[in-house]
Each structure stands twice: as C-alpha cells, then as structure tokens.
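Please read this report beside the sequence and the 3D view. Headings mark the topics.

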Amino acid sequence: MPRRRSMKIQEKLKDVVLTTFNVKRAFGFVWKSSRGWTIANLVLLFIQGMLPVVTLYLLKVLVDTVAEGTVAAGPEAMSGKVLIVLTAVGMAALLTGISRTLGLVVNKEQSRRVVDHMHDVIQKKATAVDLEYYENSAYQDTLHRAQEEAVYRPGVIVNSLAALFRNGISLIGVGWLLFSFKPQVLLLLVAAMLPPLFIRILFSEREYLLERRYTSRERRAAYYHFMLVGREFAKEIRMFGLGPTFIRRFQALRKELRKIRLALDLRTAKYGAASHVFSTVLVFGAYFWVARDALVGRISLGAFVMFYQAFQRGQSFLQAVLENAAKLYENNLFLTNLYEFLDIKSRIAAEKNILHTKQVEDQHAAIAFENLWFTYPGTDKEILRGVNLRLHHGEVAALVGLNGAGKTTLVKLLCRLYDPDKGSVFLDGTNIRGMEPEELRKKLGVIFQDYAHYNLTVRDNIWFGNVDYSEISPDIENAARKAGIHEEIEKLAEGYNEVLGRFFDKGSELSIGQWQKIALARAFFRDAPVVVLDEPTSSMDPRAEFELFSGFRDILDGRTALLISHRMSTVRMADRIFVLNSGRIVESGTHEELLSEGGIYAELFETQARNYQEREVV
Ligand SMILES: Nc1ncnc2c1ncn2[C@@H]1O[C@H](COP(=O)(O)OP(=O)(O)OP(=O)(O)O)[C@@H](O)[C@H]1O
C-alpha cells in the first residue's frame, strides 16, 4: 500500500514537472510573435540576473575595506580604495536601474505583440473549424475557455519564464555564496520554500478544474449580459420589460460562481498561511545560527553582512523562482484549454479516395443529391431520409415544404457545412466530398435566411461576396442594380461608401427589406455558376419582389438557381418545383403540373391564395 502511494506521488510529481516545463508550444507563440523583442528581453534578463550577485560581492569588498581601514592601515590610506569600490557599487546600481527601465519597455511591447499574435491564432482557427462546432455547446465551452485564457497566458508564461531565468541566475550566484560559507543554511532556505510551493501547485490545479466545471454556467451568465447590453435584444427587452428578469438571472449565476470561487480562495489562504508559518520559523532559525557564528568570531564582519544580505536576497530569489515555477505550472494548465481548441480537427476536407465522377448520365446535372440521409450531430431525429433531386444546368428550381422540413439543411449539405450520413452530393458530376471546401464554395453563391448585416460600408457589404475581385470593381454596382437597391444606395449621403447599421458613428440603418436586397447583391456579385437563395424576398415589398423576379433570368444569365421560399408568387416562376416532406422529395414538376396533381403543393398554394382573397374581401 505505501509503495503504491509513493508511486502515485512520483507520478504526480512527474506530471507537475512535465506540465510546468511544457513551455515549447507557448514559447513558440511568443517567438513567432516577436523574435527581436524576445532576444532583447533575454539579454536584458541575463544582465538583470547577474547584477544582484555582483552588487552583493561588492558589498562584501566595501565592508571589508572599510573595516581594514579603521582597524589596520588608517582611514587615509584606504579612502582611495573605498572610492573605487564605491564607484563600482554606484555603476552596478545605475546599470540595474537602466536595465530595469529598458526591461519594462521591452516587456510591454513583447506582451502586446504576443496578445495580437494570439488573437490571430484564435481567429484563424475559429474561421477554419467546421460549422458543426458552432452549433454545439461543448464546442462553445471550449471556444469560451480558449478565448478567456489564450490571449494573455502565453505572455504570462514568457514573463514567468523570464522571471524564472532572471531570479534563477541570481539564485545560483547567491546560492553559491551561501554554500561556500555554510551549506546547511542553503538547505534550510530550500526547505522553507517547499511547503508554500506545494500548496500553490495543488490549488492551481483545483482552480483549473473548477473553472472547467463551471464554464457553461459562466457562459450562461455572459449570455444574459450580452442580451442586456447588445442591440439585437434591445427592442424586446424594453417591450416585454425583460431587463429586471435578465439582471436577476445574471446576478444569481454570478453570485453562485462567486461563492464557489471564494470558498476555494479561503481554503487556499488557510493552507497557505500554515505553510508560511512553517517557512518563517525555519528562516529565523537560520538567522539566529549565523548571528551566533559572527558573535563568536567564526566569520568576518564583511562576511556576516554579505551573508545576512545574501540570505535575505536568496530567500526572495528562491521565492521568486518557486513562485514563477508555480505560475508556469498554472498557466500551462490553463493553456491546455487553448491547445484543446487548436487541436480540433476539421472533418470537412477534400477526401482523396472519393469516386469523383458519377455515371455519364448524371454529368449533365448541375447539382445532384443522391439518396441523402442526414441527422444533426448529437441529435437523433432523421431530418433527411433519402433525398433524391437533380437540377439541370441553367434551370431555376424552387424547393418548398413546411417549417422544419429540412430545406435549409439540404443547402447546408450542398455547401458541405455538414456531411450526410449516407448518400452523396454531386456538382457538375463531381462528388463534392472530393473537392477542396474552398473550391466548392467558390462555385456557390448562397444567401441563407439569417444572412449577415455587416456594419461596414455598402461597398464592403457587396464586395464580401467575392473578395478575389477588386474592391472598386464596377460589378459591385451592377450587382446592386440586379438586386434593385442601386437607386437607394445613390440616395445615401456617401453612396457606396456609406457605413451601414448603427454600430459605428454616422452609420445609416436600413430597413430589413433593404438589408435583404444588399445580401442579394452580395450573392449576385459572387458570380458563381450556382445561385442558392433561401427566402430571398421574405422581407421585400411585392413591387420589389415582382421587379426582381421579372428580370431574374436575365440576372442569372444561364446560371443554375435553387430558390427556397414560402411565397408562392416567388415559387411559381420556377422551371421546376420540388416539395420536401418527411425527409424526402415527394412531389416535383412545374407549377401547373403540381396544381393539377392536387398534392401538398396544391394545398399550400391554395391555402395561401385563399388567405389573400379573404384578406382582400375583408
Ligand atoms: N444545428 C442544428 N442542430 C440540430 N437540429 C437542427 C439544426 N438546425 C436545424 N435543425 C433541425 O432540423 C430541422 C430542419 O431544419 P431546417 O432549417 O432545414 O428547416 P427548413 O425546412 O429550412 O425550415 P424553415 O421553413 O422554417 O426555414 C428542424 O427540425 C430543426 O429543428
């Protein structure tokens, strides 16, 4: 039993040491962010580390010279020597001050660079992970933890390493001085520092585990804060009087988190205080011992002063070394959150073993969905259950179905934001799983129902549809014309350079219908062979919708289009209409064909038509 216990302790110790010095990756971030500044920092640290040892030695020389002067040779004979030693002490003090001031500047700049570099690393990863992760709460927890910690922890690690390095150098020098006088005192010094270190490491780990356990609660509190201060919810919060409720919920969550953290802090303080009592007793024991040696004349006065100073300074160097080692451990532990995030693998990538081309007959299809089955990860409801659908080149197709039928899901599979559980999607006869996702997405001009409102210029909003083109491309205007928004943009004070939304100063807010037209312009600017529009006119007035669709085929100019809409006026102009129901395509044909079939489409159409007529009668 004791043997097993000692093995466990050994393993834990190994684990702690490995975690503490697992600095390669963190150092890599720092090195990449600023090589020159890192080198400058290291040089300054070395100088700063050496200076205290030099100063201590000069102190010994000074005291001994003064003592020699007063006792033996007389003050005049020694004053020249004292002056030289004092000048050296002064120079060392000056150098210490200069290197500290320079060190501060270098350190601040280096930290800023590290923070910016870490933002870059996180942003690149966040834009590369599969969409699936954004719709998954475990991922949101990981992202939250990575963002909370990652930006500043590598910088802190480097600072801890730097302090470890600087204090380590001083400690080695001071330790050597102490050891040469009285080796036992050095051992006492080390023994005094170990219990506080142990407590620090133990409670760092507990804090880390606690933060992991409460991430989702922390995120929930952050969500209430986001709703309370963000614009998106501002209207409803006022209309429904939700402010006090949200504030109460936020406070309750924060109070709970505060209570848990305070309990841990109190426990840390309790054990920390006990360990400090132990250290203090040892340290004062050592002082007493050395003072006795001086009293009985076993060591010189200079040696006693140096010894006393060296012991005091050695104590603070050792404390700093251990403190920084503990910090390294803690920060590395927290950086695991970042590594967990950075190590997320994207599943969506070009697959080499995929059979690229289908049978000859299907090569004529612009898009082909073949027997698609799909369930969202982490759920068990089959959304698509064997979808077969083929669109010809240049065809304008419409997809209809009840809310939740899976229309948007089908588009997500076409864009490879998800992969189906079974079945395949072909674009121009090529299995999309064999294509690089970026290449595939370049061929698709898609606007989702929840399109983005970029609070940037009109030009940016349209240009983002294809950033491979010039920012001042005349096609930006052409796209706006096609979407029926050009005239309205011209009326804005700054035209295409007007900032949209109210996020920034002097931004112009648009109506939802106008935003929708801007999003459409973005899709048209993409200039992709396939255009997919999910509810493109849901917020447009009937005239805007009519104008858009009466010129729609000209706009498409031979491109293939898939429209998803609940508006039958949009749907009926399509060459072919597909009805998605219970995870399958259950009807397909032209508007007239489907009406005469008398199925789901006919029912949807007639319900809408009746509704309009009734409203007109009323
Ligand atoms: N990220 C997701 N995770 C889990 N389930 C989802 C996710 N997105 C959608 N669903 C579910 O998939 C089903 C189909 O959703 P989808 O958005 O494809 O429907 P839709 O036909 O486009 O509906 P609507 O007409 O309302 O836009 C819905 O039942 C929805 O609850």
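## Basis of the description

This is a predicted model, in which local features need pLDDT of at least 70, side-chain atom pairs count only at pLDDT 80 or more, and totals for chains, interfaces and linings use all residues. Residues are numbered from 1 along each chain as its sequence is written.

## The chain as a whole

The protein chain contains 23 helices and 10 strands. Helices (H or I, at least four residues) and strands (E, at least two) are DSSP runs, numbered from the N terminus. The C-alpha trace spans about 125 × 65 × 55 Å along its principal axes. The radius of gyration of the protein chain is 36 Å, whereas a compact globule of 618 residues would have one near 25 Å. That radius is taken over C-alpha atoms, and the globule rule is 2.2 Å times the number of residues to the power 0.38.

Of the 618 residues, 32% count as buried. A residue is buried if 20 or more other C-beta atoms lie within 10 Å of its own, exposed if 12 or fewer, and partly exposed in between, with C-beta atoms placed from the backbone. Among the contacts with a separation of 6 or more, 78% come from residues 24 or more positions apart. Two residues are in contact if their C-beta atoms, placed from the backbone, lie within 7 Å.

## Domains and annotated regions

The domain assignment gives domain 1 (2–342), domain 2 (351–443 + 531–618) and domain 3 (451–527). Such bounds come from an automatic or database domain assignment. The C-alpha centres of domain 1 and domain 3 are 50 Å apart.

An unreviewed UniProt entry lists "transmembrane region" at residues 42–62, 82–103, 156–179, 185–203 and 268–289. UniProt positions are given in the numbering used here, feature names are shortened, and annotations may be inferred rather than shown by experiment. In the model, residues 185–203 are 100% helix and 0% strand, with end C-alpha atoms 29 Å apart. Residues 268–289 are also 100% helix and 0% strand, and their end C-alpha atoms are 32 Å apart. The unreviewed UniProt entry also places "domain: ABC transporter" at residues 367–607. Over residues 367–607 the chain is 34% helix and 24% strand.

## The six-stranded sheet

Six strands form an open sheet with mixed pairing, in the order β6-β7-β8-β3-β9-β10. At the edges stand β6 (444–447) and β10 (584–589), each with a single partner strand, so one side of each has no neighbour in the sheet. The twist averages 15° from one strand to the next. Two strands pair if DSSP finds at least two bridges between them.

Strand β7 (residues 530–534) pairs with β6 in the parallel sense over four bridges, and G445 stands opposite V531 in β7. Helix α18 (residues 512–526) lies across β6 and β7, at about 175° to β6. Axes are lines fitted to C-alpha atoms, for helices over the stretch in contact, and angles run from 0 to 180 degrees between N-to-C directions.

## Strand β8

How many residues of β8 are buried? Five of the five are, so β8 is largely enclosed by the rest of the structure. T560, L562 and I564 point one way from β8, while A561 and L563 point the other way. In a regular strand the side chains alternate between the two faces of the sheet.

Five bridges join β8 to β7 in parallel, with T560 as the bridge partner of V530. β8 also pairs with β3 in the parallel sense over four bridges, and here L562 is the bridge partner of A397.

Another open sheet has four strands in the order β2-β1-β4-β5, with antiparallel pairing. Its edge strands, β2 (382–392) and β5 (430–431), each pair on one side only. Eight bridges join β1 (residues 365–375) to β2, and I367 stands opposite L391 in β2. α13 packs on this sheet, touching β1, β2 and β4 (422–427), and its direction makes about 115° with that of β1.

Helix α13 (residues 407–414) also lies across β3, β6, β7, β8 and β9 of the six-stranded sheet. Six of the eight residues of α13 are buried, namely K407, T409, L410, V411, L413 and L414. R416, with a positive phi near 60°, follows α13.

## A buried loop residue

D130 lies in the loop between α4 (75–128) and α5 (131–134). D130 is buried, with 21 other C-beta atoms within 10 Å. Not counting residues up to four places away in sequence, D130 touches S346, R347 and I348. D130 and R347 are 217 residues apart in sequence, yet their C-alpha atoms are 7.1 Å apart in space.
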